[in-house]
Amino acid sequence: MRSLNRLMIATLAVAGSTAALAQSSVQVYGRVNTSVERQKVGDVSTTGLFNNASRIGFRGTEDLGGGLKAGFVLESGFNSDDGSGTGSAGGLTFRRQSEVNLAGNFGMLRLGTFTAESYYAVADYGVLDQPNHDTGSLSDALYSYVMRDSNKIAYRTPVFLGGLTIEGAASFHEKAAGTNDKHGYDLAANWESGPLALGAGFTKVGGDKQLGLRAHYTINAFQLGAYYQRSDEELRGKRNAARVTGMYTMGASEFVAGFGWAGKWDDVSNSGARQLILGYNYNLSKRSKLYAGYTKVDNKANASYATGISGADFSTFAAGIRHNF
């Protein structure tokens, strides 16, 4: 009987340790970001309530033991101004992000739909996404996003060489309409050490390519970020663009100023543009803030940044509330 009891105790102990190794967690997260704005496109002015990339998501991980973890992320956008979804029929879809991943000492393997890491490495890092997280009308209108986000496989290295990570991704065309049977490729690198952070990103989809370089520096209450982007497209030729943004923090307040420039496309005359962004954030907590901002995009005759209309300029005064959960 004692031998049997010892066997049962040993079996329960092994079962308990196995369950502990396979612990999992699921988190609901998201952002609601809504602004009141006075927008002007060309000569037409509009006052209204606007959504700024509000989203809801689910993410989870399972500890598989030995430093190995399986995870997933499902994220859907919705319109906070009228409550509708961003899907084609007004419902929720997971086209913002839908991935499963496996992570360990080797790095991370990702499969699914997700934003290009080259974008985060160059245009959406630190102060460069302020004052409104590079969303809505106060976002960067000049950065050229090339990568196709769906049907992707990616590998991210662990941190090495004192702060360096690299991620490479491929998007399969799967002979889908609009892909021209061209795969997409994306490569990004981030390096952080103390107050200095550097980034680089490269994308190629068919004959369209982009290369971006970014630097970010923090000194006490002041942050300064800048990037340069070189684009090369089959239809429009080559183009240079750059942006610089600074932010000063004083207590709960953040003061932001940024300027962006896009040169003309080689094969499109009068296609350059400039953008000014001014903003103010007041952080009510780590998750909630009030913000206000102004942006002006000056388009030349054949440029249509932020408007979709050649030669039409864009401007807005915005004030809003953002809450993360």
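Thr295 is located in strand β16, which spans residues 288–299, strands being DSSP runs of E with at least two residues and helices runs of H or I with at least four, both numbered from the N terminus. The model is a predicted one, in which local features need pLDDT of at least 70 and side-chain atom pairs count only at pLDDT 80 or more, whereas totals for chains, interfaces and linings use all residues. Residues are numbered from 1 along each chain as its sequence is written, and side-chain values use heavy atoms, with hydrogens and water left out.

With a relative accessible area of 0%, Thr295 is buried, a class defined by values under 20%, with exposed meaning over 50% and partly exposed in between (1.4 Å probe, protein chains only). The side chain of Thr295 makes a polar contact of 3.1 Å with the side chain of Gln275; such a contact is a pair of N or O atoms within 3.5 Å, of which, within protein, one must be able to donate a hydrogen and the other to accept it, and residues adjacent in sequence count only if both atoms are side-chain atoms. When residues up to four places away in sequence are not counted, Thr295 touches Ser137, Leu138, Gln275, Leu276, Ile277, Phe314, Ser315 and Thr316, contact meaning heavy atoms within 4.5 Å.

The structure holds six aromatic pairs, a pair being rings of Phe, Tyr or Trp (its six-membered ring) with centres within 6.5 Å, and with planes under 30 degrees apart counted as stacked, over 60 as edge-to-face and the rest as tilted. The rings of Phe255 and Tyr280 have centres 5.2 Å apart and planes at 45 degrees, so this pair is tilted. Because Phe255 belongs to strand β14 (residues 253–262) and Tyr280 to strand β15 (residues 273–283), the pair ties together parts that are 25 residues apart in sequence. Phe255 is partly exposed, at a relative accessible area of 38%, and Tyr280 is partly exposed at 31%. The rings of Tyr294 and Phe317, with centres 4.7 Å apart and planes at 40 degrees, likewise form a tilted pair. Since Tyr294 lies in strand β16 and Phe317 in strand β17 (residues 314–324), the pair ties together parts 23 residues apart in sequence. Tyr294 is partly exposed, with a relative accessible area of 22%, whereas Phe317 is exposed, with 54%.

One aromatic cluster is formed by Tyr119, Tyr120, Tyr143, Tyr145 and Tyr227.
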